[in-house]
Amino acid sequence: MGEQAAPEHIAGRGWLRRLGSWTAGRPIAQQGAGLLLVGLLVSAPFGGWTSTAPSGVRQVEVGQSITTGPLELTLLEVVESTRPSRVLRAQAGGTLIFVRGTVRVTGDRPVMLGTFGDSLRLVGIPGLRRFVGLPGAPMPADQVKPALYYTEDSSGMSAIPPGMTFPVAWVFERVTTGEDLPAALTVEVSGHTWRESGVTRGLFDWFDPTPLATTQLPLRHKPPVDDSGESSG
Amino acid sequence: MNRQRLGAGALVLAVLALGRVVTDRLPDPIDVLTATVERPATLREPLSLHSMDVTITELTGAKSMVNLGTYETTPGVWLVFTAQITPRDRDLVAPYAAIRAPDGMTWAAVGRSQVYCDSAIPGLPTQCIGRIEVPPDRLTGASLLISANRNNQSYEDMAVLPLRVTENELQTWLARTDDRALALTPEGLEP
């Protein structure tokens with residue numbers, strides 16, 4: 001009569017039992033290291049031990065000051081218009097959407113477009129594109145960087161000098177989609193971290209834009225102005 | 001024997017630590033080599049720099065102005081200057097200009113603040129005009145800085161002109177506004 005093989009599930013338990021007794025015989029340091037290794041392997045499909053997404057995004061009120069690191073912002077409203085001033089007009093078939101507020105540099109040097117362009121996004125608005133005065137394809141809203149304008153004279157700002165508070169508009173362009181905008185829009189503000197560049201030794205700057213706050217701003221429609229600067233609506 | 005080895009090891013570590021402390025306290029040789037040398041300037045007097053000769057010829061200011069046909073105002077004050085620059089050995093591409101307060105806060109000619117020069121040929125004098133927006137309350141004790149290269153002031157020297165703006169001058173500048181009728185943008189983005 002030949003030796004009968006154990007059923008599969010019994011054989012599996014035997015393997016586990018042998019692993020258990022082998023592990024129990026290892027020194028405590030090896031047991032700890034093994035546990036660490038198993039933990040790392042198990043966590044790998046979920047991103048391992050990389051830092052998790054920031055959960056500290058806070059909701060702020062209209063007009064409440066937000067400090068992003070390089071900048072101090074207040075956001076007041078969102079305005080939609082095809083031609084909000086003489087020098088600013090949307091491309092045919094589009095409208096300009098701009099977030100009105102104020103901005104002030106917190107440090108003692110100008111903050112450049114490369115940094116403040118990442119400070120603000122409109123959330124969930126389809127059909128947005130960058131406002132560059134040329135036709136262009138819409139992009140996902142979280143990828144559309146705004147242009148910044150000083151509202152007193154409609155001049156574009158590629159740098160924000162320190163020590164002064166500027167009334168500004170963060171300007172986006174939207175391709176007409178046939179869908180009306182909601183009565184209130186969500187704006188996401190990102191903060192930056194001051195650190196040394198990972199590429200250039202000794203170069204410190206603001207890096208790592210990270211969502212910091214969101215706010216719900218009311219939408220206002222502004223009639224287009226004509227060449228004399230008067231609103232036609 | 002073990003005690004001797006331990007002593008030698010401790011000595012090596014102590015010497016390494018001391019070396020580190022000394023190294024940290026010495027200036028970085030690259031910083032020393034590339035540091036910008038500042039040279040005091042006087043209004044309307046020529047100053048010879050490494051890459052150019054410069055004479056700052058005029059200083060004034062305004063609350064708003066028409067720039068290349070466009071009306072531009074500021075929450076601060078526009079400081080406007082003219083300078084004659086003669087590049088020495090190479091073309092003048094874009095000079096650096098800035099206002100620096102005594103505490104180090106600096107307003108460089110970037111963004112809306114700009115410097116324009118007529119031409120940039122070595123040996124020929126060129127006229128430059130610059131405008132920099134600054135908070136009016138930071139002009140006391142501030143200086144105007146001009147250097148040859150907007151992108152990099154390393155290995156260069158820099159003209160430093162104390163502004164010495166009086167309160168009367170400042171109030172005159174703050175009251176000065178170009179005629180908005182001349183501007184192309186009489187209406188901003190405000191309602």
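**Entry 1: the largest pocket**

I sorted the lining of the largest pocket by class and found 14 nonpolar, 11 polar and 6 charged residues, where Ala, Val, Leu, Ile, Met, Phe, Trp, Tyr, Cys and Pro count as nonpolar, Asp, Glu, Lys and Arg as charged, and the others, Gly among them, as polar. I note that this is a predicted model, in which local features need pLDDT of at least 70 and side-chain atom pairs count only at pLDDT 80 or more, while totals for chains, interfaces and linings use all residues. Residues are numbered from 1 along each chain as its sequence is written, chains are lettered from A and ligands numbered from 1 in the order in which they are written, and side-chain values use heavy atoms, with hydrogens and water left out.

I read a volume of about 1000 Å³ for this pocket; of its 31 lining residues, Arg109(A), Pro110(A), Tyr96(B), Ala108(B) and Gln153(B) are the closest to its centre. On a 1 Å grid over the protein atoms alone, a pocket is an open set with protein on both sides within 12 Å along at least five of seven lines, a cavity is a set of points where a 1.4 Å probe fits but cannot get out, and lining residues have an atom within 4 Å of a point. Grid points are joined across faces, edges and corners, and a volume is the space filled by probe spheres set on the points. The largest share of the pocket lining, 3 residues, comes from β13(A), strands being DSSP runs of E of at least two residues and helices runs of H or I of at least four, numbered from the N terminus.

**Entry 2: the cavity**

I found 1 cavity of 30 Å³ or more, and the largest cavity has a volume of about 40 Å³. Its lining includes Pro110(A), Ala159(A), Ala108(B) and Glu133(B), and divides into 6 nonpolar, 2 polar and 2 charged residues.

**Entry 3: strands and rings**

In chain B I followed an open antiparallel sheet of 5 strands in the order β2-β3-β4-β8-β7, two strands pairing if DSSP finds at least two bridges between them. Strands β3 (residues 52–67) and β4 (residues 70–87) of chain B are joined by 14 bridges, and Ser64(B) stands opposite Thr73(B) in β4(B).

I counted 4 aromatic pairs over all chains, for which rings of Phe, Tyr and Trp (its six-membered ring) must have centres within 6.5 Å, with planes under 30 degrees apart counted as stacked, over 60 as edge-to-face and the rest as tilted. Phe131(A) and Tyr149(A) form a tilted pair, 6.1 Å centre to centre with 45 degrees between the planes.
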